[in-house]
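Hi,

Here is the structure I promised to pass on. Have a look at it first, and then read my notes below.

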Amino acid sequence: MNIRRVRFDHPDAVKLNDEVQAEYRLRYGDGGDATVLHSDDFTPPQGVYLIAYDEHDRPVATGGWRSQNRNDEGNEDGDAELKRMYVVADMRGRGLARRILTALEEDARIAGRLRMVLETGTKQPEAITLYASSGYEPCTKFGYYRHHEESRCFAKAL
């Protein structure tokens, strides 16, 4: 796998974002993740967006982090918020999500972020398993979905 930094508005990022949104719609029966994201959120040093490419230069996995500080949505100073972790269906089970996650954690640590936080949902059990096995622990809910019953939030000190 070749993991590259790209802009959030890169065509491959847009393609994979559309795929993950379709999966959210299927799993949750709604319009997908309504969290507002901007390309600049993932521009270093405020964040980063990564895509893993296979040996045929096909984009197969993605993820990013963006800086967050204390706000009225429950974030804390020094947070790095994980967003848009996704692996295409035919490449799952090969450790790609864990590789992206590790790279994002390292990047956020180098950028001076104190903890990585994320929000996922009860209909994404494989995501919850990945994060729990990577040292993430439940934390106070934050973000756009903090009042939703299906929302689960996790954090890991960097």
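Which residues do ring pairs link into a cluster? They are Phe8, Phe42 and Tyr49. Before the details, note that this is a predicted model, where local features need pLDDT of at least 70, side-chain atom pairs count only at pLDDT 80 or more, and totals for chains, interfaces and linings use all residues. Residues are numbered from 1 along each chain as its sequence is written, and side-chain values use heavy atoms, with hydrogens and water left out.

On the rings: searching the whole structure gives five aromatic pairs (Phe, Tyr or the six-membered ring of Trp, centres within 6.5 Å; planes under 30 degrees apart are stacked, over 60 edge-to-face, the rest tilted). Phe8 and Tyr49 have ring centres 5.0 Å apart and planes at 75°, so they are edge-to-face. This pair links distant parts of the chain, 41 residues apart. Phe42 and Tyr49 are edge-to-face too, at 5.3 Å centre to centre and 70° between the planes.

Phe8 and Tyr49 are both buried (buried is under 20% relative accessible area, exposed over 50%, partly exposed in between, with a 1.4 Å probe and protein chains only). The relative accessible area is 0% for Tyr49 and 3% for Phe42, which is also buried.

Elsewhere, the charged end of Arg4 sits over the ring of Tyr53, 3.9 Å from its centre (the rule: NZ of Lys or CZ of Arg within 6 Å of the ring centre and within 35 degrees of the ring normal).

Enjoy browsing!

Terms used: Helix = DSSP H or I, 4+ residues; strand = E, 2+ residues; numbered from the N terminus.
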